[in-house]
Amino acid sequence: MNNVKFHISTIVLFLIWNFSFSQNYTNYTTKDGLPSNLVYRITQDQDGFIWVITDKGISKFDGYTFKNFTIKEGLPTNDIWNVRITPDNKVWYFSEIDALGYIQTDSVHSYKTSGGKVMMPMRINQSGNSIELNEAKYKHQFKKNVWQEIPMDITNFKLQYKGLRVILGPDAKLQLKIDSNEIVFQSKGYMVRQAMNYQLNDSLYVLRNDEFYELINLKTFASKYIVYKNQNGFYRALKNARFHLVSNGIQVTGNNNLIVLDKNLNWSKHYKIPSSLKSHFSFKDKEGWIWVATFTNGIYKLPKNYDKINRLFEGKRLSSINNIDGVMYVGVIGEGVYKVTDTILELQIPYSKYTYDVVKIKDRIIYVLESDIYIEEEGDFKHIKRSESNNFGKRFVNYKSNLVSEGFLSIYEYSIDESGSSRVFDDRNYSGIFVQNDTLFSTDNKRLVYYDEGLRQFSDYKAIEFKSRFLTSATYNNKTYVAIEGKALYEFKDGIVTPVLSDDNASISNILIEDKSSIWCVADNVLTHYKLLEDGRYVKQNYREINGLLVDDLKDIALKNNHLHLATDDGLMVINIEDITDSSKFSTYIKSVKINGKSVSKDSLELPYDKNRNLNIDFGAINYANASQTHFEYQLYPIQDNWVTTTAGEINLSNLEPNDYNLKMKVFDDENESVITLPISIKPLWWQTLWFKLFAILCAVTLVAVASRYFAKQSEFKRNQKIFEDKRLSELQLNALRSQMNPHFVFNSLSAIQYYINSNDIEGSERYLVKFSKLIRQFFELSKANDITINDEANLLTNYLEIEKLRFKEKLSFNIEINEAMDANSLMIPTMLLQPIVENAVNHGVFNKEDNGSVTVIFSKFKNSIKAEVIDDGVGFANTVKSTKDKIKSSHVLKDRLHFLNQSGKWKIDYSETEAYPNADDKGNISTFIIKKLA
């Protein structure tokens, strides 16, 4: 067997991070909005804004936009040298000029000196919110909006703290005395030429020169004395040290160095700024970002925890990284595969093309390159030339101790034994391969398939469909995680496919499984972490430069000793997982509020109503982590229920009606959100106020009431008289109708008696006369009343129908029914209402019928009314009218009576007629009354 053994060149490098590539850090210049690339100072105010001091103005930065202040905005000069921020958040600016001041709430304030002299702020003393400038012969105190010019002796002057006096002693040491001339402190270092001494805040005094610095606590008179040459070779860095009061602490900055002091003024953290940045001033902000000022290239932002990242292969494009038995194998495009052990980089396979992967099968290390495969065993290398049709294969797995590769148009298997043979598994276009439980899986870009050894072909697996392209996979404890394009991560176990997150649409190119609850991925070139919670749900966290990473171009990941190894287009980054911090928080703020183009207060708005007013609000967020990925929404409560998306935080409101509003403004990204509220009160004009409206309503009501009372008095008598006459007329008309009915009924009854007499039926005549006399007596008694009970009405109709039955003999039968649920002795109906209809049913319906006939009267409840029905099986109303050639007189009487009953206000009666048997020759009739008593 011919083995190819390469000469290995070993390069010993220490894992000390190299800062020669400044492009790794975020750089802001004039192209991004800075007024100048020459930056003197950089600091942070109480709200979190970054302030950049340049020779062409001052700039306020929120992470996304620079707001510049120059002479156009009110600065006395653009060339500002220094800056201090007091606890009241005033940004004091200093330069060699006759007017100095501060910026507050984006307004520039400038104040002249009392003597008109140009100020030279060599020493800036600060005590609380008070600022004082010391020069060689003059002191300038800011009082009553004027810089008061006071002569002073630089070797003997008074501090702004408890009456302390600073004196240059005879031994060239600084002394602090109280008013009694008692010496309470003497410096350890000597005051020499170019020494600087100034008050940094209300309790700290600074003394420094080219040899040392000394910090003096004015409350305790303890001091911290540092000699530069004793500080680990940082003599040159600290030679021009500047003390910076920022982030609620003291920082010392110099050329390419930053020192953060603790509460005891000891060095708690020392940051070495990359020399390539040529930094002369830097500081660490509240969140941990490090900001660097330069004289030629603007400012740089170094990510949090950047000092905890080790870098290898800087400036080189990496393609892959694998951890095999604690050894890292790194693929470098154009160079080959390196073996990294501790501090040693060893080039294993020199290769000028692309390197894909390194896998271990049995005791062999397999190097998969663009057109070649190398197999390493005990230091010897065997070369396998990959076929041309398989050059595009990028995924490789161990399947039954052989190497299986996904090719462009086929899936290949390579034997790693001495034969080195290969075979084609399938020549169809499958996407992706992975092995689980000794089964080889792939996809046809839609369905999951597996290799059937018996059939020697790929077959569909349980009808599982992904419907998107396979990207990559990783296996852990018989569980495989599969990445699908645009659908992120799936879990595959025991034949079941489950999405890790249902709403995730990331495209994952690499998967690293840390343990059963932690999965690291390269998703859209960004490091992504999937964390399994105790309740079985996954949460997702993206890590960009906000979390200590320097770039967003990740290619591959590996894990060793709790350290993530990240392959990028600019080398290898190594960082402890514990040092990857959570994503940065941000806060929403209002940039400006304008009314018809003019700026107003940003705290709250109280405005009179004006339909022509246009309100413009511009808001954003202080966000140094992910400003380009943030989104803006707003909601105007109470007139908007949903959030409205706005571009870059711009809101325009017009013609707001009088009301109290809360304008909620939200800035959010994938992981955080921040909301701020602006109260807006639109006050009504005098004619829109509630009191005016109530007064107007009261006046209108009073006017109407007075007018109504006047007209009511004029028409009250007439109206009452008319009502009386109308009611009286209705009663007279009803009585007249009843009077018309009396002779009609009597006439019909006498006709029946006459019938019996003419028939010589003496007994019949007598029975008829007895019943008739009883009925007449009952009729005249009841006819005096307007209302009658249902029971009385039923008795009256019964007596009447019995008389008619005597007249008709067996030709007539009748039935009267009263619903048991009704109280027939108390429910009332109008008197003689049903009798005319019953009379018509007998004399015009049944009488004209050849056969026997019947009449039925039914009383029942209908909702809150009484329902009365008169039903006969006679010839029908239409035939009756036709035979008589005229309308039945009693029907006209009934119609008129119903009209006046409804007009009386005492009754509401609805009446209807229908054919009882429409399909029969004798159609009969149903007369229905719906009777409701109103009063």
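Good morning. The crossing of helix 4 and helix 5 is right-handed, meaning that the near helix is turned clockwise from the far one by less than a right angle. This is a predicted model, in which local features need pLDDT of at least 70 and side-chain atom pairs count only at pLDDT 80 or more, while totals for chains, interfaces and linings use all residues. Residues are numbered from 1 along each chain as its sequence is written, and side-chain values use heavy atoms, without hydrogens and water.

Helix 4 covers residues 790-808 and helix 5 covers residues 835-846; they pack at about 20 degrees, with axes 11 Å apart. Helices (H or I, at least four residues) and strands (E, at least two) are DSSP runs, numbered from the N terminus. Axes are lines fitted to C-alpha atoms, for helices over the stretch in contact, and angles run from 0 to 180 degrees between N-to-C directions. The two helices are therefore roughly parallel, a term for angles under 35 degrees.

Which residues of helix 5 does helix 4 meet? They are Gln835, Val838, Glu839, Val842 and Asn843, and the residues of helix 4 that meet them include Leu797 and Phe808; contact means heavy atoms within 4.5 Å.

Strand 49 (residues 488-493) is joined to strand 50 by 4 bridges, and Phe492 has Val497 in strand 50 as its bridge partner.

Technical notes: Angles under 35 degrees count as roughly parallel, over 145 as roughly antiparallel, 65 to 115 as roughly perpendicular and the rest as oblique. Two strands pair if DSSP finds at least two bridges between them.
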